[in-house]
Amino acid sequence: MNKCRKTRGQLPAFLLGELKERDRERIEAHLAGCPRCRRELSGMRAVLAGADSLRDEITGAMETVDWDSQANRITDRAMSRSDGVAREGRRIPFRGFLFRPALRLAAAALLLGVILGAGMTWLMVRRPAPAEISLAEQVRVPRSVLDDMTVEVARRETLDYLEKSRYLLLDFVQASPDRSAGFWRTDFAARRTRDLLSRKKFINPQLDQFKMAKARAICDQIEWLFLELTQISGELSAAELERIRSLIEERRLLLKINLVARELKDNEV
Amino acid sequence: MDRIIPAAATAGSSKIRNMEIETPAAGSEIPALIERIREGDREAFMQVTRKYQRKVYQMAYAFFRNHEDAMDIVQETFLRFYQKIDKFQTDRNFQNWLLQIARNLCIDAYRKHHKKGTEQGAPLHVDDLHLADDSSHHFGKNSDLKAIFSRCLEQLTEKQRAIFVMKHVNQLKYIEIAQILNVAVGTVKSLNHKAIRNMRALMSPYMGSRL
C-alpha cells in the first residue's frame, strides 16, 4: 500500500520522463504487478491527451485568424494611443524644464519655501518616536501573495466547517436511534447547529468569490439539513430521526463531505 | 506485460512544431527592435507583434477556451507592452516578460467577468460531484474528452491551472514558467505534478470504464 502511495506520487514525473533511470525502473517494476497504479497512470495519460486535444483546438482556431491584419490593427491602436500620452516609465526632462533661465528665480523661491515650510511643520508636529511601529505601516506585500492568502483562509474556513459538520452528522449515522435522539435534544447540539449555521453565512461570500462551487454546493446541503434540525430538534421523533438519517445516507452526504474536504486539502495554495 | 514507456518519450513532435519556441538566435534581435520601438518605430512594433501574437493567443485561448476573449487579450497585451516598453530591461527574456503581461491580463479578466458568470450562471450542483461508486448514472452523458477536460481544468486553482496550461498547452519549459510566475522552478514542477494528479482525480468519475 505504501509502495502504491509512493508510486502514485511519482507518476506525473514518470509520465513526463522526469525521473532518474533507477526511479523509473522501480516504478516500471511496480506497475507491472499493480493494476490499480496502472489505472492511475492511464488516467493521467488521459489528462495529457486532454491537453493535446486543447492544443489541436487552439491550432484550429489560430488558422481562422488573419494575423497580419491583426498585427496591423494592434499597431494602429498602439500608435494612436501614444499620441500625446507619455509611456509609463519614460523620463520627462523635468530638470531641464525647471532650470531654464526664465524659471530659475521662481524655482529657487519655490524650493526655499518648501524647505522652510517643511522645517516649520516638523517643529510643530514632531512627537516622540512610537515605542513600536505598526506592522501594517511597514510591510509591503505583493498583491498576488495577499490573494493567495485570502484563498488559503477561505479554504481553511471551509475545511473547518466541513469537519465540524461531519462530526455532527456522524451522530445520525453511527449512534443508536435512542442515543442520537437524546443528543439532538440537548442544548449543546442546538448550540452547535446554530453556530455552524452562522458560520455558513460567514463563509458564503468567500465560497462565491473563489472557485469553490463544489464546496458551496455541499455546504448548502449541510446548511439545509441543519435548518431542518433546528426547527424540529426539540421534539425529534423516531420517524423524523429516521428520515434525517436516510437523507444523509441517500445523498451520501458524509462521503461527499470527505471527497470535497480531500480536494480542498489537495488544492493547497 | 508490455514495457510501460513514459508519454514524454513517445509523444509525437507534431504538436511541438506548432508552437514557436524562442531560440537564442530568434530572441537576439529583440533588444534592437525594442530600441527602435522606444524611438517610435511603427514597423519594429508590428514586427514584434507579428512574431509573438500567436504565443499570447495560445495562452489566452487555453485560459478562456474562447476565441473572442483570447483576441481581446492579444490586443490588450501588446498595447500594455507598448505602454510599459520603457520598463523592459533588455537583459530579460522578452517572451517571458510578454507572457507575464498576458497572464496577468487573463487573470484580471477572468476575475472580472468569467468567474462571476460561470459560478452564478451555471451553478454546479452537488450531484455533479459524480462519486466514483455511482458513476453509472453519469457516464455517457458527457463523454467528449475535450468538454470533460475543459470542465475539470476550470476547477483547478488559478496557479495550478496557469502552470498546467503553460506546460502542457503552451509547452513552455519549467524555467520559463518560473520566470513568468516569478516563483522557483521546483515550485512550478511540484505544482504541475499536483495539477496532473488533481486533473486525474477530477476527470476519473467522468471517464468510467475507459480508465
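Guide: Two packed helices are described by the angle between their axes and the distance between the axes. Here the axes of helix 9 (residues 158-169) of chain B and helix 10 (residues 174-181) of chain B cross at roughly 140° and come within 10 Å. Axes are lines fitted to C-alpha atoms, for helices over the stretch in contact, and angles between N-to-C directions run from 0 to 180 degrees. Helices (H or I, at least four residues) and strands (E, at least two) are DSSP runs, numbered from the N terminus.

This is a predicted model: local features need pLDDT of at least 70, side-chain atom pairs count only at pLDDT 80 or more, and totals for chains, interfaces and linings use all residues. Residues are numbered from 1 along each chain as its sequence is written, while chains are lettered from A and ligands numbered from 1 in the order in which they are written.

Visitor: Why are helix 9 of chain B and helix 10 of chain B called oblique to each other?

Guide: Angles under 35 degrees count as roughly parallel, over 145 as roughly antiparallel, 65 to 115 as roughly perpendicular and the rest as oblique. With a crossing of roughly 140°, helix 9 of chain B and helix 10 of chain B are therefore oblique.

Visitor: Which residues make the contact of helix 9 of chain B with helix 10 of chain B?

Guide: Two residues are in contact if their C-beta atoms, placed from the backbone, lie within 7 Å. Helix 9 of chain B contributes B:Ala162, B:Ile163, B:Met166 and B:Lys167, and helix 10 of chain B contributes B:Ile177, B:Ile180 and B:Leu181.

Visitor: How do helix 5 and helix 6 of chain B cross?

Guide: The axes of helix 5 (residues 42-64) of chain B and helix 6 (residues 67-83) of chain B come within 8 Å and cross at roughly 135°. That makes helix 5 of chain B oblique to helix 6 of chain B. Among the residues in this contact are B:Val56 and B:Ala60 of helix 5 and B:Ala70 and B:Ile73 of helix 6.

Visitor: What does B:Ala60 contact beyond its neighbours within four places in sequence?

Guide: B:Ala60 is in contact with B:Asp69, B:Ala70, B:Ile73, B:Val74, B:Ala102 and B:Cys106.

Visitor: What is the overall make-up of chain B?

Guide: Chain B has eleven helices and zero strands. Of its 211 residues, 38% count as buried (20 or more other C-beta atoms within 10 Å of the residue's own, C-beta atoms being placed from the backbone). Among contacts in chain B with a separation of 6 or more, 68% join residues 24 or more positions apart.

Definitions and conventions
Buried ≥ 20, exposed ≤ 12 C-beta atoms within 10 Å, placed from the backbone.
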